[in-house]
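Visitor: I would like to go through this protein with you. Could we take it piece by piece?

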Amino acid sequence: AILSREYPHERSLYIDIRDVERWGKEGLLLADEVVENPGKAMEDIYDAVIAYDLVKPQDCKPPKVINIRFTNIRKRMNLRDLRHEDVNRLVAIDVAVTRATEDRPRINEAVFRCSAGHFTVKPQPSTGRFVEPERCGTDGCQFKKLELVPKRSKFTNHQTLKVQDNTESIRAGAQPQTITVHVNDDVCDTLFPGDRAIITGIVRSIQRVVKGEKSTIFDLNMELVSAEM
(Lines give C-alpha, C1' and ligand atoms only; values in the text may rest on other atoms or scores of the structure.)
Protein backbone atom coordinates (compact mmCIF):
# COMPACT_ATOMS: atom_id res chain seq x y z
CA ALA A 1 0.00 0.00 0.00
CA ILE A 2 2.83 2.42 0.88
CA LEU A 3 4.61 1.64 -2.37
CA SER A 4 1.44 2.24 -4.38
CA ARG A 5 0.87 5.64 -2.73
CA GLU A 6 4.45 6.91 -2.67
CA TYR A 7 5.94 5.63 -5.95
CA PRO A 8 8.38 6.75 -7.38
CA HIS A 9 9.68 8.41 -4.18
CA GLU A 10 9.38 4.96 -2.59
CA ARG A 11 10.59 2.22 -4.93
CA SER A 12 10.92 -0.77 -2.60
CA LEU A 13 8.35 -3.41 -1.69
CA TYR A 14 9.28 -4.93 1.68
CA ILE A 15 8.11 -8.48 2.42
CA ASP A 16 8.44 -9.87 5.94
CA ILE A 17 9.30 -13.57 5.62
CA ARG A 18 7.53 -14.23 8.96
CA ASP A 19 4.25 -13.17 7.33
CA VAL A 20 4.85 -15.66 4.52
CA GLU A 21 5.59 -18.47 6.99
CA ARG A 22 2.27 -17.89 8.79
CA TRP A 23 0.45 -19.35 5.77
CA GLY A 24 1.12 -22.83 7.12
CA LYS A 25 2.89 -25.57 5.20
CA GLU A 26 2.63 -23.78 1.85
CA GLY A 27 3.98 -20.61 3.42
CA LEU A 28 6.98 -22.44 4.88
CA LEU A 29 7.73 -24.02 1.51
CA LEU A 30 7.44 -20.63 -0.19
CA ALA A 31 9.75 -19.03 2.38
CA ASP A 32 12.32 -21.79 1.78
CA GLU A 33 12.05 -21.16 -1.98
CA VAL A 34 12.71 -17.45 -1.44
CA VAL A 35 15.89 -18.28 0.49
CA GLU A 36 17.11 -20.87 -2.03
CA ASN A 37 16.21 -18.95 -5.18
CA PRO A 38 15.70 -15.25 -4.32
CA GLY A 39 16.35 -14.03 -7.87
CA LYS A 40 13.42 -15.99 -9.30
CA ALA A 41 11.20 -15.01 -6.36
CA MET A 42 11.92 -11.32 -6.99
CA GLU A 43 11.14 -11.68 -10.70
CA ASP A 44 7.86 -13.48 -9.97
CA ILE A 45 6.77 -10.83 -7.44
CA TYR A 46 7.72 -8.00 -9.81
CA ASP A 47 5.70 -9.66 -12.61
CA ALA A 48 2.71 -9.94 -10.26
CA VAL A 49 2.96 -6.26 -9.28
CA ILE A 50 2.90 -5.29 -12.96
CA ALA A 51 0.18 -7.79 -13.97
CA TYR A 52 -2.23 -6.67 -11.23
CA ASP A 53 -1.43 -2.92 -11.51
CA LEU A 54 -0.45 -2.77 -7.84
CA VAL A 55 1.72 0.27 -8.57
CA LYS A 56 0.30 3.02 -10.80
CA PRO A 57 2.68 5.90 -11.56
CA GLN A 58 1.14 9.27 -12.39
CA ASP A 59 2.18 8.99 -16.03
CA CYS A 60 0.31 5.63 -16.24
CA LYS A 61 3.38 3.93 -17.70
CA PRO A 62 4.69 0.64 -16.19
CA PRO A 63 7.06 1.43 -13.29
CA LYS A 64 10.70 1.26 -14.38
CA VAL A 65 12.16 0.27 -11.01
CA ILE A 66 10.59 -1.75 -8.20
CA ASN A 67 12.94 -3.27 -5.64
CA ILE A 68 11.71 -6.44 -3.91
CA ARG A 69 13.23 -6.56 -0.42
CA PHE A 70 12.87 -9.41 2.07
CA THR A 71 13.27 -9.01 5.84
CA ASN A 72 13.38 -11.24 8.94
CA ILE A 73 15.02 -14.34 7.49
CA ARG A 74 14.70 -17.03 10.13
CA LYS A 75 18.25 -18.41 10.00
CA ARG A 76 21.22 -16.13 10.63
CA MET A 77 24.81 -16.92 9.72
CA ASN A 78 28.29 -15.72 10.58
CA LEU A 79 30.55 -14.46 7.81
CA ARG A 80 33.12 -17.15 8.55
CA ASP A 81 30.49 -19.81 7.81
CA LEU A 82 29.76 -18.64 4.25
CA ARG A 83 30.68 -21.24 1.64
CA HIS A 84 30.39 -21.71 -2.12
CA GLU A 85 27.13 -23.59 -1.50
CA ASP A 86 25.59 -20.32 -0.34
CA VAL A 87 26.18 -18.54 -3.67
CA ASN A 88 22.90 -17.12 -5.08
CA ARG A 89 21.09 -17.85 -1.79
CA LEU A 90 19.51 -15.28 0.52
CA VAL A 91 21.30 -15.03 3.88
CA ALA A 92 21.06 -12.86 6.99
CA ILE A 93 24.22 -11.89 8.89
CA ASP A 94 24.87 -9.81 12.01
CA VAL A 95 27.67 -7.43 11.00
CA ALA A 96 29.48 -4.21 11.80
CA VAL A 97 30.12 -1.72 9.00
CA THR A 98 33.78 -0.71 8.75
CA ARG A 99 33.86 1.27 5.47
CA ALA A 100 31.42 2.90 3.05
CA THR A 101 32.03 4.56 -0.29
CA GLU A 102 30.09 7.51 -1.64
CA ASP A 103 27.16 6.50 -3.80
CA ARG A 104 27.77 6.72 -7.53
CA PRO A 105 25.65 6.05 -10.65
CA ARG A 106 25.76 2.41 -11.77
CA ILE A 107 24.56 1.37 -15.20
CA ASN A 108 22.14 -1.56 -15.07
CA GLU A 109 20.81 -1.49 -18.63
CA ALA A 110 23.29 -0.29 -21.23
CA VAL A 111 22.12 0.88 -24.67
CA PHE A 112 24.54 0.78 -27.60
CA ARG A 113 24.31 2.24 -31.11
CA CYS A 114 26.00 0.89 -34.22
CA SER A 115 27.17 2.93 -37.24
CA ALA A 116 23.87 2.20 -39.00
CA GLY A 117 21.93 3.81 -36.14
CA HIS A 118 20.49 0.60 -34.68
CA PHE A 119 20.17 0.34 -30.89
CA THR A 120 21.12 -2.75 -28.86
CA VAL A 121 20.18 -3.17 -25.18
CA LYS A 122 22.53 -5.11 -22.90
CA PRO A 123 21.50 -5.72 -19.24
CA GLN A 124 24.44 -5.42 -16.84
CA PRO A 125 25.24 -7.71 -13.89
CA SER A 126 24.69 -6.28 -10.42
CA THR A 127 28.37 -6.85 -9.64
CA GLY A 128 31.42 -7.45 -11.78
CA ARG A 129 32.69 -6.08 -15.06
CA PHE A 130 30.89 -4.03 -17.67
CA VAL A 131 29.51 -6.32 -20.40
CA GLU A 132 29.38 -5.18 -24.03
CA PRO A 133 27.51 -6.95 -26.85
CA GLU A 134 29.66 -8.80 -29.37
CA ARG A 135 27.76 -7.25 -32.29
CA CYS A 136 24.65 -5.27 -33.19
CA GLY A 137 21.49 -7.02 -32.08
CA THR A 138 19.47 -6.01 -35.14
CA ASP A 139 18.81 -8.90 -37.55
CA GLY A 140 21.00 -8.66 -40.64
CA CYS A 141 23.30 -5.96 -39.22
CA GLN A 142 26.98 -6.93 -39.32
CA PHE A 143 28.48 -4.04 -37.32
CA LYS A 144 30.55 -5.13 -34.34
CA LYS A 145 31.85 -1.72 -33.21
CA LEU A 146 29.16 -0.23 -30.98
CA GLU A 147 29.04 3.02 -29.02
CA LEU A 148 27.48 3.35 -25.58
CA VAL A 149 24.56 5.82 -25.46
CA PRO A 150 24.36 7.05 -21.84
CA LYS A 151 21.19 9.10 -22.39
CA ARG A 152 19.24 5.97 -23.39
CA SER A 153 20.82 3.73 -20.75
CA LYS A 154 19.35 3.16 -17.29
CA PHE A 155 21.27 3.99 -14.12
CA THR A 156 20.72 3.53 -10.39
CA ASN A 157 22.73 4.74 -7.40
CA HIS A 158 25.36 2.32 -6.15
CA GLN A 159 27.48 2.14 -3.02
CA THR A 160 30.00 -0.36 -1.68
CA LEU A 161 30.31 -1.33 1.98
CA LYS A 162 32.95 -3.32 3.79
CA VAL A 163 31.51 -5.24 6.75
CA GLN A 164 32.83 -7.73 9.29
CA ASP A 165 31.51 -10.14 11.87
CA ASN A 166 30.51 -8.50 15.13
CA THR A 167 33.03 -8.94 17.91
CA GLU A 168 30.57 -11.07 19.93
CA SER A 169 30.63 -13.79 17.26
CA ILE A 170 34.43 -13.92 16.86
CA ARG A 171 36.25 -16.72 18.62
CA ALA A 172 39.09 -15.74 20.96
CA GLY A 173 42.28 -15.15 18.97
CA ALA A 174 40.51 -15.31 15.60
CA GLN A 175 40.62 -12.52 13.03
CA PRO A 176 37.25 -11.03 12.00
CA GLN A 177 36.02 -12.11 8.57
CA THR A 178 35.14 -9.33 6.12
CA ILE A 179 33.06 -9.15 2.96
CA THR A 180 32.18 -6.52 0.35
CA VAL A 181 28.50 -5.59 0.14
CA HIS A 182 27.00 -3.91 -2.93
CA VAL A 183 24.16 -1.50 -2.20
CA ASN A 184 21.80 -0.25 -4.90
CA ASP A 185 19.17 2.43 -5.38
CA ASP A 186 17.08 3.63 -2.43
CA VAL A 187 19.01 1.78 0.30
CA CYS A 188 22.20 3.70 -0.45
CA ASP A 189 23.38 5.92 2.42
CA THR A 190 21.41 3.99 5.03
CA LEU A 191 24.44 2.29 6.62
CA PHE A 192 27.60 4.05 7.80
CA PRO A 193 30.94 3.04 9.37
CA GLY A 194 30.36 2.06 12.98
CA ASP A 195 26.79 0.88 12.42
CA ARG A 196 25.77 -2.58 13.52
CA ALA A 197 23.00 -4.23 11.53
CA ILE A 198 21.40 -7.46 10.40
CA ILE A 199 22.00 -7.40 6.66
CA THR A 200 19.97 -9.63 4.38
CA GLY A 201 21.49 -10.18 0.99
CA ILE A 202 22.22 -12.49 -1.91
CA VAL A 203 25.64 -14.12 -1.91
CA ARG A 204 27.57 -13.70 -5.16
CA SER A 205 30.97 -14.93 -6.36
CA ILE A 206 33.51 -13.26 -8.65
CA GLN A 207 36.53 -14.97 -10.18
CA ARG A 208 39.86 -13.42 -9.30
CA VAL A 209 42.01 -12.03 -12.11
CA VAL A 210 45.76 -11.97 -11.42
CA LYS A 211 47.98 -10.06 -13.88
CA GLY A 212 45.31 -10.37 -16.55
CA GLU A 213 44.92 -14.13 -16.06
CA LYS A 214 41.80 -15.74 -14.61
CA SER A 215 42.45 -17.54 -11.33
CA THR A 216 40.90 -20.73 -10.00
CA ILE A 217 40.03 -18.77 -6.84
CA PHE A 218 36.69 -17.02 -6.45
CA ASP A 219 35.84 -14.26 -3.95
CA LEU A 220 32.46 -14.01 -2.25
CA ASN A 221 30.53 -10.77 -1.93
CA MET A 222 26.94 -9.80 -1.20
CA GLU A 223 24.18 -7.86 -2.91
CA LEU A 224 22.23 -6.06 -0.18
CA VAL A 225 18.48 -6.73 -0.10
CA SER A 226 17.61 -5.12 3.24
CA ALA A 227 19.17 -3.97 6.50
CA GLU A 228 17.71 -3.98 10.01
CA MET A 229 19.42 -1.85 12.65
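Guide: Let us begin with Val 111, which sits in strand β5 (residues 104-113). Helices (H or I, at least four residues) and strands (E, at least two) are DSSP runs, numbered from the N terminus. This is a predicted model, in which local features need pLDDT of at least 70 and side-chain atom pairs count only at pLDDT 80 or more, while totals for chains, interfaces and linings use all residues. Residues are numbered from 1 along each chain as its sequence is written, and side-chain values use heavy atoms, with hydrogens and water left out.

Visitor: Does Val 111 count as buried or exposed?

Guide: Val 111 counts as buried because its relative accessibility is 5%. Buried means under 20% relative accessible area, exposed over 50%, and partly exposed in between (1.4 Å probe, protein chains only).

Visitor: Which residues does Val 111 touch?

Guide: Not counting residues up to four places away in sequence, Val 111 touches Phe 119, Thr 120, Val 121, Glu 147, Leu 148, Val 149, Arg 152 and Ser 153. Contact here means heavy atoms within 4.5 Å.

Visitor: Changing topic: what about helix α4, how many residues has it?

Guide: Helix α4 (residues 38-51) has 14 residues. From first C-alpha to last it reaches 20 Å, close to the 20 Å expected at 1.5 Å a residue; the expected span is 1.5 Å times one less than the number of residues.

Visitor: Which of its residues are buried?

Guide: In α4, the buried residues are Pro 38, Ala 41, Met 42 and Val 49. Seen down the axis of α4, the buried residues fall within an arc of 100°, so they line one face of the helix. The arc is that of the directions from the helix axis to the C-beta atoms. On the other side of α4, Glu 43 and Ala 51 are exposed.

Visitor: What does the buried side pack against?

Guide: The buried residues of α4 pack against β1 (12-16), α3 (25-36), β2 (67-71), β4, β10 and β11.

Visitor: Which residues have the most contacts inside the largest nonpolar core?

Guide: That core has 21 residues, and Leu 82, Ile 93, Val 163, Val 181 and Ile 199 have the most contacts inside it. A nonpolar core is a set of buried Ala, Val, Leu, Ile, Met, Phe, Trp, Tyr and Cys residues joined through side-chain atoms within 4.5 Å. The largest share of this core, 4 residues, comes from β4. Apart from it lies another core, of 20 residues, among them Met 42, Ile 68, Ile 198 and Ile 202.

Visitor: Where is Asp 86, then?

Guide: Asp 86 lies in the loop between β3 (76-77) and β4. Asp 86 counts as buried, because its relative accessibility is 8%. Beyond residues up to four places away in sequence, Asp 86 touches Met 77, Asp 81 and Val 203.

Visitor: Finally, how many helices and strands does the protein have?

Guide: There are 4 helices and 11 strands in the protein. Buried residues make up 38% of its 229 residues. The C-alpha atoms fill a box of roughly 65 × 50 × 35 Å, taken along the principal axes.
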